[in-house]
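Here is a short report on one protein chain. Please look over the sequence and the fold before reading on.

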Amino acid sequence: MTVPRQLPNAITIARIVCAPVFLWMLLADAGHNGPLRWWAAVLFIVAIATDGIDGAIARRNDIVTDLGKLLDPIADKALTGCAFVGLSILGALPWWITIVVLVREIGITVYRFVVVSDHVLAAAWMGKLKTVAQAVALSLALLPLSTLVGDWIWWVNGVTMTIAVALTVASGIDYVVSEVRAARSGRAAR
């Protein structure tokens, strides 16, 4: 069966479209743990899971595109950024965490657009690991699990969020160092 060339990018674009819908659902009940909070968490988990699906389809069918390499991390950042901001608005996450994460994410995204005419900056392994860590930490923070299992879940979420933030900062530094090295080796080759 032939997979349409546009399928991976369509999945990525769907993830981008889900971000504002998810944010609305999260904020609609003002932080109460009602049905919309649960549905927002489910939408986030399903949408962030498509990150692996679109990439796998593209690689397996040899239909990886520069557009996909550019849009995929933007889709992840839109979805996770909405989750960080939403959780901070609700008081479930300190604003300093959201600011640190957003500065890194927006900085790398802007840099991607600056260098897009020169080369496409695809996600590195540490960036992918960061996205997985953020997905796990945000999923735990979004799901109102304390109503089911008790307050100890906040400790688990604190540990996963700490790991996610540490990987966010480390992967940002890794991108900067890699790009500086590439620029230096490019100048040395000339």
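D62 sits in the loop between helix 2 and helix 3. Its phi is positive, about 55°, although D62 is not a glycine. D62 has a relative accessible area of 67%, so this residue is exposed.

This is a predicted model. Mean pLDDT for the protein chain is 88. Of its residues, 93% reach 70 or more. Among the elements, helix 1 has the highest mean pLDDT, 94. Helix 6, residues 146–149, has the lowest, 84.

**Helix 1 and helix 3**

Helix 1 covers residues 7–28, and helix 3 covers residues 66–89. The two pack with their axes 9 Å apart. The angle between them is about 10°. Angles under 35 degrees count as roughly parallel, and helix 1 and helix 3 are therefore roughly parallel to each other. Their contact has 16 nonpolar, 4 polar and 3 charged residues.

T12 lies in helix 1. Its relative accessible area is 2%, so T12 is buried. Beyond its neighbours within four places in sequence, T12 is in contact with D54, L71, D72 and A75.

L7 also belongs to helix 1. The C-alpha atoms of L7 and T162 are 35 Å apart. Along the chain, 155 residues separate L7 from T162.

Helix 3 is mostly covered, with 18 of its 24 residues buried. After helix 3 comes G91, with a positive phi near 80°.

**Helix 2**

Helix 2 spans residues 35–60 and includes W39. Is W39 buried or exposed? At 54% relative accessibility, W39 counts as exposed, because the cut-off for exposed is over 50%. W39 and F22 are 17 residues apart along the chain. Their C-alpha atoms are separated by 8.5 Å.

**Helix 5**

Helix 5 runs over residues 125–142. Of its 18 residues, 13 are buried, so helix 5 is largely enclosed by the rest of the structure.

Q134 lies in helix 5. Its relative accessibility is 1%, so Q134 counts as buried. Which residues does Q134 contact, leaving aside its neighbours within four places in sequence? They are T80, F84, V101, E105, A164 and T168.

**Helix lengths**

How do the spans of helix 3 and helix 5 check out? At 1.5 Å a residue, the 24 residues of helix 3 should span 34 Å, and the end C-alpha atoms agree at 35 Å apart. For helix 5, the 18 residues should span 26 Å, and the end C-alpha atoms agree at 25 Å apart.

**Residue exposure**

| Residue | Relative accessible area | Class |
|---|---|---|
| Q134 | 1% | buried |
| T12 | 2% | buried |
| W39 | 54% | exposed |
| D62 | 67% | exposed |

Note on methods: Residues numbered from 1 in each chain as written. Predicted model: local features only at pLDDT ≥ 70, side-chain atom pairs only at ≥ 80, totals over all residues. Heavy atoms only, no water. Axes fitted to C-alpha atoms, helices over the stretch in contact; angles between N-to-C directions. Helix = DSSP H or I, 4+ residues; strand = E, 2+ residues; numbered from the N terminus. Parallel < 35°, antiparallel > 145°, perpendicular 65-115°, else oblique. Nonpolar A, V, L, I, M, F, W, Y, C, P; charged D, E, K, R; others polar. Expected span 1.5 Å × (residues − 1). Buried < 20%, exposed > 50% of the residue type's maximum accessible area, 1.4 Å probe, protein only. Contact = heavy atoms within 4.5 Å. pLDDT = per-residue confidence, 0-100.
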